[in-house]
Amino acid sequence: MGYGDDEKSEDYLFKVVLIGDSAVGKSNLLSRYARNEFHLNSKATIGVEFQTQSMEIDNKEIKAQIWDTAGQERFRAVTSAYYRGAVGALVVYDISRRSTFENVSKWLDELRMHSDASVVTMLVGNKCDLHNARDIPTEEGTALAERESLFFIETSALDATNVNKAFQTVVKEIYRIVS
Ligand code: GDP
Ligand code: MG
C-alpha cells in the first residue's frame with residue numbers, strides 16, 4: 001500500500017440520531033437517504049436500529065451511523081443509550097402539524113440532557129410537499145432555529161427535497177469540527 005492508500009483509509013464514524021414526535025417522518029427521511037425508498041404506510045417499514053451511510057470529504061471516507069427510534073418515541077421512552085456517543089442530531093417536526101413543532105423544545109431538552117453540548121443539531125421541518133396543509137410558516141422554523149442556534153432546513157421524504165442536504169450538512173459540520 002502506498003502513502004496515498006493509507007491516507008485514504010483513514011476513517012471517521014459519526015453517530016447521528018433522529019428525534020422528534022411520532023409520525024413526523026423520521027423513518028422515511030432515513031430510508032430516503034440510505035436506500036432512496038419511501039413508504040406510504042410506515043407500519044410496513046421494518047424498524048432498524050441504525051443505517052450506515054458513507055460520504056467522501058477531503059479524500060477521506062466519512063461514515064455516518066444514523067439511528068432511528070423504531071417507534072419508542074410514542075411512549076416517551078427514548079433511552080439514554082440511544083443518545084450515547086451522538087455527535088449529530090436531526091430534530092424533526094411535521095410542517096402540517098403544529099403540536100410536533102411545539103414539542104421541538106422538549107426534544108431539544110432531552111437531547112441536551114443526554115449528549116455533549118457540542119452535538120451538531122439540525123432542525124428539520126419535514127413534509128414540505130404538503131403545501132395546502134402547511135401549519136408552520138418557514139419563517140417560524142427559521143426563527144426557532146436562530147433562537148436555539150440550530151441549523152435549519154425544510155425537507156420532503158416523499159419527493160426527496162433536501163433530504164440528502166439535511167444529512168450531509170450535519171455530517172460536514174461534524175467533520176469540520178473534529179478535523
Ligand atoms: P416517524 O414515526 O417519525 O418515523 O414517521 P414515518 O417515517 O413512519 O412517517 C409517518 C407517516 O408520514 C407515514 O405515513 C409516511 O408515509 C408519511 N410521511 C413521511 N414523510 C413524509 C413527507 O415528507 N411527506 C408526506 N406527505 N408524508 C410523509
Ligand atoms: Mg419511525
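**The sheet and its helices**

Author: Six strands make up an open sheet of mixed pairing, in the order β2-β3-β1-β4-β5-β6. The model is predicted: local features need pLDDT of at least 70, side-chain atom pairs count only at pLDDT 80 or more, and totals for chains, interfaces and linings use all residues. Residues are numbered from 1 along each chain as its sequence is written, while chains are lettered from A and ligands numbered from 1 in the order in which they are written.

Reader: Why do β2 and β6 stand at the edges?

Author: β2 (50-57) and β6 (151-154) each have a single partner strand, so one side of each has no neighbour in the sheet.

Reader: What makes β2 and β3 a pair?

Author: Pairing requires that DSSP finds at least two bridges between two strands. β2 and β3 (residues 60-67) have eight bridges, in the antiparallel sense, and therefore count as paired. M55 stands opposite I62 in β3.

Reader: Why are α2 and α7 called roughly perpendicular?

Author: Helix α2 (residues 26-35) and helix α7 (residues 163-178) pack at about 85°, their axes 9 Å apart. Angles of 65 to 115 degrees count as roughly perpendicular, so the term applies to α2 and α7.

Reader: Which residues of α2 and α7 meet?

Author: L29, R32 and Y33 in α2 meet V163, N164 and F167 in α7; contact requires C-beta atoms, placed from the backbone, within 7 Å. By class, this contact of α2 with α7 has four nonpolar, one polar and one charged residues.

Note on methods: Axes are lines fitted to C-alpha atoms, for helices over the stretch in contact, and angles run from 0 to 180 degrees between N-to-C directions. Helices (H or I, at least four residues) and strands (E, at least two) are DSSP runs, numbered from the N terminus. Angles under 35 degrees count as roughly parallel, over 145 as roughly antiparallel, 65 to 115 as roughly perpendicular and the rest as oblique. Two residues are in contact if their C-beta atoms, placed from the backbone, lie within 7 Å. Ala, Val, Leu, Ile, Met, Phe, Trp, Tyr, Cys and Pro count as nonpolar, Asp, Glu, Lys and Arg as charged, and the others, Gly among them, as polar.
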